[in-house]
Amino acid sequence: MRSAAFDDMYNRHVAAIRHRPLFRNLLYATLFFSCIYLLNLTARSSGSTSSGSIEKFVIRPPQAWEETAAQVRRAFLHAYHGYERYAAPHDELLPLTDNMSDTFNGWGVTVFDSLDTMLIMDLKNEYARAVEIVKHIEFSLPDNPSDRREQGRYAPYFETVIRYLGGLLSAYALSKNQLFLDRADELAVKLDPVFNTTSGLASFGVNPTNQAISGPDIGILAEFASLQLEYIYLAKLTGKSEHFQRARTLAFESGDPNLTTFQAQTLSKVFGNADLRATGGMLPIKWNLTTGRTHNSLFSKIVDSRRSLTPGLAHVSVGAYADSAHEYLLKQYLMTAKTDRESLKMYLRTTTHIISNLLYLSPTRRLLYVTDEIIDPKSGKSSPSHVFEHLSCFLPGLLALGAHTLPLDDLESIGITLDDIDSSGMFGSARKNHETLKGYNLKKLHLWAAEGIAQTCYMTYADQPTGLGPDEMIFKAVKTKKTWDATVSQWRVSSNGLWMDAMESWKRSGSRGTPPGLENKKPVVHNKQTYSDLEEERDYELKRFAYLLRPETVESLYILWRVTGDIKWRERGWRIFAAIETHAKTSSGYASVRTVDLLPARLKDDQPSYFLAETLKYLYLLFIDEDPISLDKWVFNTEAHPLPIFEWTSRERELFGIP
């Protein structure tokens, strides 16, 4: 909510913006057109045949990449100026109708999400105007029970934390403007009633005006377990133990002497006390917010976008409902200067289960992809869906970050042993699987997985006539077959395409050639095939056809470029950016694409704030030569807001009860 005086002031400024000459934008478009045209002509030239050619990359001088970064900067300005003209200080721009939406509380989410991008891109004028909005926004929601339109208004906790709170904290870290820290502290206090559950885990939403909370008893992993980075950094800055306790709910022993014994028990090690035998130590999606335990044994008939879950089954995924919770395990360890060993051990168990059980190769193109699975704790049998989500394309970046920052090939050097992975069978197959993975150089294995999945993420873009990736696909499963292994004189039964089975075969053959799934791939684009023929050759069918301006693929391309220095990751990012410019740009901003497999592209009337917070930021950082956000000094929250790595002082350790 905003004051009337502020609205008048801002509207006068916006009126001036609306009538500025468009010559500069037309000039930029003219200069950029030839580059995009030639690139897309090359990329789509394979459209006359069923299969494209192997990618070729040109080594460009640093100046060329700096100009590419400048083009991304201009794209941000185009998107943000459109937001200012037609939507500010509301939440998001509707770029087809030049209107606004208030999807996320009506507090101007695009402004808060864009603050650090402006600082990184050195956009002083836009930043100064944004600061004025941040000053005047009121973190409140309607509380008028007599007005039906205002009943039941709640701030979704997860989105509010990662976008608003994360945006404020990152902007403070980059600018040291006290306004941002003060507003972050204020917001966290107003959101605090969301923790009024028996377990201390956050409910779905809260009305900061009347302190009412809303949400089902069964919580989603990503929604209640993606707050550690924001709250720990806020505690560091403010010295307030109450903020630290909110993050501590998930993974730390409670040391607050003011808590009763019951409260201390319900606030201690929710993850550490969970029964994770069936999932090999990986955190499942559904949790009971009353007991703080996994919801496996309480499943009723629940229907999600894939299938019905029957009683007693566990569901693990790196896509929707779970992604950021897994991401924060590694990043919490890194942000606290590698001192949070419990988070590190959970990350190692999680990635061990993912690599051992959730990575598959497609039958024809041998595309490496990650999927979700349903596990029956009684029988131990699992059922993969073979659904591959765009959201899962953050995983290559996470694995690459872990390979870059952790001594994965020498974990003993930091005191991590097999007993830390699982000493007493508490985590099911975790120990056995980790022993198998230790037969490889673990650092290389994680990086191979990262590169293989990232290539698949990119190929799902390159396969489409728009050059943009679909939101979800269903991959074909490899059929089970028996093969004779002459080396040991016995039959081997292959599974349905598990990557680690292929890796074991590759290892037995002497590890000759490229690891499975990392071979160079060719795009498979539209020709005159029927859809069934196209799906057969691609190895997947489209399930959700839209490109929602999502950042996960370019996020992984950026991290892989910084970790490996391989030019192909930059070039692939450039091709994605060119496709966005060609097919998603409107007169006032950028719009999601409804159908990536059709030309001309049909657009959807939305410009998500994460497009400015994440997609364009990652592309800009991918193209600039000197990265101001070093992976060794910063971690990104799940909305791409960078937070600095720090060390606890002795006073802070005592204050927060940190061993």
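Modeller: Let us begin with the lining of the largest cavity, whose residues divide into six nonpolar, no polar and one charged; here Ala, Val, Leu, Ile, Met, Phe, Trp, Tyr, Cys and Pro count as nonpolar, Asp, Glu, Lys and Arg as charged, and the others, Gly among them, as polar. The lining residues are Lys 331, Leu 401, Ile 559, Leu 631, Trp 634, Val 635 and Phe 636. The model is a predicted one, in which local features need pLDDT of at least 70 and side-chain atom pairs count only at pLDDT 80 or more, while totals for chains, interfaces and linings use all residues. Residues are numbered from 1 along each chain as its sequence is written, and side-chain values use heavy atoms, with hydrogens and water left out.

Colleague: What makes a space a cavity and not a pocket?

Modeller: On a 1 Å grid over the protein atoms alone, a cavity is a set of points where a 1.4 Å probe fits but cannot get out, whereas a pocket is an open set with protein on both sides within 12 Å along at least five of seven lines, and lining residues have an atom within 4 Å of a point. Grid points are joined across faces, edges and corners, and a volume is the space filled by probe spheres set on the points. The structure holds three cavities of 30 Å³ or more, and the largest cavity has a volume of about 50 Å³. Strand E22 (residues 634-636) supplies the largest share of its lining, three residues; strands (E, at least two residues) and helices (H or I, at least four) are DSSP runs, numbered from the N terminus.

Colleague: Which helix gives the most to the lining of the largest pocket?

Modeller: Helix H6 does, with five residues. The largest pocket holds about 940 Å³ of space and is lined by 39 residues, of which Phe 158, Glu 159, Arg 163, Leu 391 and Arg 550 lie nearest its centre. By class, this lining has 17 nonpolar, five polar and 17 charged residues.

Colleague: Why is the pair of Tyr 558 and Phe 636 called edge-to-face?

Modeller: Rings of Phe, Tyr and Trp (its six-membered ring) pair if their centres lie within 6.5 Å, and planes under 30 degrees apart count as stacked, over 60 as edge-to-face and the rest as tilted. The ring centres of Tyr 558 and Phe 636 are 6.1 Å apart and their planes stand at 85°, so the pair is edge-to-face. The pair links distant parts of the chain, with Tyr 558 in helix H20 (residues 552-564) and Phe 636 in strand E22, 78 residues apart.

Colleague: How do you know whether Glu 555 is buried or exposed?

Modeller: Buried means under 20% relative accessible area, exposed over 50%, and partly exposed in between (1.4 Å probe, protein chains only). Glu 555, which is found in helix H20, has a relative accessible area of 7%, so Glu 555 is buried. Tyr 558 and Phe 636 are buried as well.

Colleague: Why is helix H13 described as largely enclosed?

Modeller: Of the 18 residues of H13, 15 are buried, so H13 is largely enclosed by the rest of the structure.

Colleague: What makes E4 and E5 a pair?

Modeller: Two strands pair if DSSP finds at least two bridges between them, and strand E4 (residues 205-206) and E5 pair in the antiparallel sense over two bridges. Ser 214 in E5 is the bridge partner of Gly 205.
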